[in-house]
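Open the structure in your viewer and keep the selection tool at hand. Each stop below tells you what to select and what is found there.

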Amino acid sequence: MLAAMSFQWWRDAVIYQVYPRSFADSNGDGIGDLAGITSHLDDLVDLGVDAVWISPFFTSPQRDAGYDVSDYCDVDPVFGTLADADALIHGAHERGLRVIFDLVPNHSSSDHPWFQDALRAAPGSAARARYIFREGRGDHGELPPNNWQSIFGGPMWTRVTEADGTSGQWYLHIFDSSQPDFDWTNPDVHALFLDVLRFWLDRNVDGFRVDVAHGLMKQPGLPDLDEPDSASLGAGTATLEPEISTPTEVPYWGQESVHEIYRDWRRLLDTYPGERVLVAEAWVDPLSRLADWVRPDEMHQAFNFAYLETPWAAGPLTQIIDASLATFHSVGAPSTWVLSNHDVVRHATRLALPFENPQGHGIGPATDNLPDEKAALQRARAATALMLALPGSAYIYQGEELGLPEAIDLPDEARQDPTWIRTNGERYGRDGCRVPLPWTAERATFGFNENGTGKSWLPQPTQWARLARDAQRSDDTSTLALYRQLLALRKELQLGTGELQWLDCPREDVLVFRNGRAVIVVNTGREPIEIPESELLISSSPIDGAVLPGDTTVWLRA
Ligand code: NOJ
């Protein structure tokens, strides 16, 4: 049962992200579902996490894997029923796990009844005012209203055909054309989402991860961008969503007015018992601005994407850890830490890439210079051992506890990410981090579907047999064993609520710090280094005596 006394449980929680279509498939249709999650809750308890965040499973045509919602208060038949959602919440609570759902308020699916009404209604009508419809530019309105480019490629606007058959207005979509943006200056939209929040809070969900939490408000007038291409890709980087440094620099990210929405939601959440939480997915830069999302009367946590984007190097890691702790603490929030999710190249591959982080653009068969998998996994294990030693709350993405690498060799025809489709294959997109999990080495789909139909919505690499959960369970040196031990020790030593103190360090590529009763040494370099004589609590890779090899982290008794 949930601990009654778990004061501010989210401050040091380890939260496991489930990407439902790829977690476990109970009915054999090749797509994971809610019943599949419920049947594996014991595995998550065994792993040692505190909470589960579940990516969207609401009614949706699945054009962006469920981030295109057509009914926020029901479950898509692909994933099950409302009763399955209730059973999942109940089953998790019985086991002491909290449950966070994914709320997608920036846009709906184009199948949402409101958008269908808007399409049928006339320009200027109340139905159109719930979304962002505008006249086009050019003599006949044939040009998009401004020069913004969709995050998934192509224009951020799509033109509609009016009821009389003529080409008409354009609507805005930051993402795919099947994901029209709501107009958050419209009170109807506020009312809708307050109802949605209440609906799930009444069903006892413990909180919400808020999708694109920096995008809901747009700068009035929707001004052109000076450099539309660089804005949609981020300044010199290929982030899924661009970095910004001032609220008005990119007119659809991080507008000041967005915060009032979260204050409103926070007031609602605080009327419910049991510390319900809001978590911002906000790709804003610098960190000091991200802290605005987690002020005491707004959200509880924000994903620390700056940490995820930090290369595997002691200097940048020291800086981001210091900056994160200082910045989040300045507003009374815990720092969060994350290395992988369903939008980025898995860190068991990414941290060893010899080129700039490709982020949501992905990598694939034509990508050169891919790292050696074994060496890359050693580095990823060291990175996880560092992350789980830091004070604050950490996120784990399904499959990283198995050491899954990015799936590189997906056939073109299997790819489903709208990024791949909208860029005509120029960008691979995110399918490589979304391949269904291997549970059982010897079974069809490695046990992803439980009745052995052999269906899997994305093909699994054959080499994943050795990474299957059952194969790792009996192996003390497996990545699964490492995660279990790290999580158990983190809890025992209370590292999540601890304080970090840097210790002198003999080399520039090595980090040494103390957190409570543990000293953590991280060798990000290649050369081995001697470590102090002290009781070894855990090592991310096998070590020989007091010599720490490269790409290895140890926790020592302080
Ligand atoms: C961020 C989500 O994590 C991503 O998967 C999705 O495509 C976009 N937001 C649009 O909802």
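Predicted model: local features only at pLDDT ≥ 70, side-chain atom pairs only at ≥ 80, totals over all residues.

In Asp 211, an N or O atom of the side chain is 2.7 Å from an oxygen atom of the ligand. For His 342, a polar side-chain atom lies 2.8 Å from a ligand oxygen atom. At Asp 343, the distance between an N or O atom of the side chain and an oxygen atom of the ligand is 2.4 Å. How much of the ligand does the protein bury? Taken alone the ligand exposes 300 Å², and 100% of that is buried by the protein.

Next, switch to a cartoon view and find the open sheet. Its 8 strands run in the order E11-E10-E9-E5-E2-E1-E13-E12, with parallel pairing. Which strands are at the edges? Select residues 301–302 for strand E11 and 336–338 for strand E12; each of these edge strands pairs on one side only. Stay at E12, which pairs with strand E13 (residues 393–397) in the parallel sense over 3 bridges. To see the two strands side by side, pick Thr 336, which stands opposite Ser 393 in E13.

Then look at a pair of strands with the antiparallel sense: strand E7 (residues 157–161) and strand E8 (residues 167–172), which pair over 4 bridges. Select Thr 161, and opposite it in E8 stands Ser 167. The hairpin of E7 and E8 has 5 residues between the strands. In this hairpin, Gly 165 takes a positive phi near 90°.

Move on to the second largest pocket. Select Arg 381, Thr 477, Ser 540, Ser 541 and Pro 542, which lie nearest its centre among the 14 residues that line this pocket. The pocket holds about 370 Å³ of space. Which elements give two or more residues to the lining? They are helix H12 (373–387), helix H15 (479–492) and strand E18 (536–539). The largest share, 4 residues, comes from H12. By type, the lining residues divide into 4 nonpolar, 7 polar and 3 charged.

Two stops in loops remain on the tour. For one, select Asp 285 and Pro 286, which are joined by a cis peptide bond with omega about 0°. Pro 286 has its place in the loop between strand E10 (277–280) and helix H8 (287–290). For the other, select Thr 445, found in the loop between helix H13 (418–422) and helix H14 (469–473). What is the phi of Thr 445? Its phi is near 50°, a positive value in a residue other than glycine.

Methods:
Residues numbered from 1 in each chain as written. Heavy atoms only, no water. Polar contact = N/O pair within 3.5 Å; in protein donor to acceptor, adjacent residues only side chain to side chain. Areas by Shrake-Rupley, 256 points an atom, 1.4 Å probe, with all protein chains shown as cover. Pairing = 2+ DSSP bridges. 1 Å grid on protein atoms, 1.4 Å probe; cavity = no way out; pocket = protein on both sides within 12 Å on 5 of 7 lines; lining within 4 Å. Points joined across faces, edges and corners; volume = space filled by probe spheres on them. Nonpolar A, V, L, I, M, F, W, Y, C, P; charged D, E, K, R; others polar.
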